[in-house]
Amino acid sequence: MRELRFVTLEEIKNNARIETSDEDQLITRIGLSAEDTVLNLMERTVEDILEEFNDEIPEPICHATLMLATHYCLHRTPFETIPLHAVPYTIDVMLKPYIRL
């Protein structure tokens, strides 16, 4: 399994208020899925971002990834008993400056 690049496992667990290590492998997969989703939304690669921003991932990209990973952790299935909402608009706003045109 790849390693997380934008956020850490601990950051995801803290943000989602997960206190055990029972699901660390699953949470890592969720984090990787969030990173891939962010990259797809921006139509960019990690290498491209690192090259443009001097080997650092901009904080809005990291935070958007953390928000999305937390969303995925808390809503693991498409079936909920409460009304579902689209991925937070905030993520779109955070990533907009980095979208490849």
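Okay, let's start at R5: its charged end sits over the ring of F6, 5.9 Å from the ring's centre. For a charge to sit over a ring, NZ of Lys or CZ of Arg has to be within 6 Å of the ring centre and within 35 degrees of the ring normal.

Before I go on, a word on what we're looking at. This is a predicted model, where local features need pLDDT of at least 70, side-chain atom pairs count only at pLDDT 80 or more, and totals for chains, interfaces and linings use all residues. Residues are numbered from 1 along each chain as its sequence is written, and side-chain values use heavy atoms, with hydrogens and water left out.

Back to R5, which also forms a salt bridge with E35, with 3.3 Å between the closest N and O atoms. E35 is in helix α2 (residues 24-42) and R5 is in the segment before α1 (9-16), so this pair ties together parts 30 residues apart in sequence. Helices here are DSSP runs (H or I, at least four residues), numbered from the N terminus. By salt bridge I mean a side-chain nitrogen of Lys or Arg within 4 Å of a carboxyl oxygen of Asp or Glu.

So, are these two partners buried or exposed? E35 counts as buried, at 0% relative accessibility, while R5 counts as partly exposed at 34%. The cut-offs: buried is under 20% relative accessible area, exposed is over 50%, and partly exposed is in between (1.4 Å probe, protein chains only).

How many salt bridges are there? The count comes to seven. One of them joins the side chains of R44 and E52, at 2.2 Å from N to O. R44 is buried, with 10% relative accessibility, and E52 is partly exposed at 45%.

Another is D48 with R100, where the closest N and O atoms are 2.3 Å apart. That one links distant parts of the chain: D48 is in helix α3 and R100 in the segment after α5, 52 residues apart. R100 is partly exposed, at 38%. There's a network too: R2, R5, E35 and D36 are joined by salt bridges that share partners.

Last topic, aromatics. Searching the whole structure turns up one aromatic pair. The rings of F53 and Y98 have centres 5.6 Å apart and planes at 70°, so they're edge-to-face. Rings of Phe, Tyr and Trp (its six-membered ring) pair if their centres lie within 6.5 Å; planes under 30 degrees apart are stacked, over 60 edge-to-face, and the rest tilted. F53 is partly exposed at 26%, whereas Y98 is buried at 14%.

Key
Helix = DSSP H or I, 4+ residues; strand = E, 2+ residues; numbered from the N terminus.
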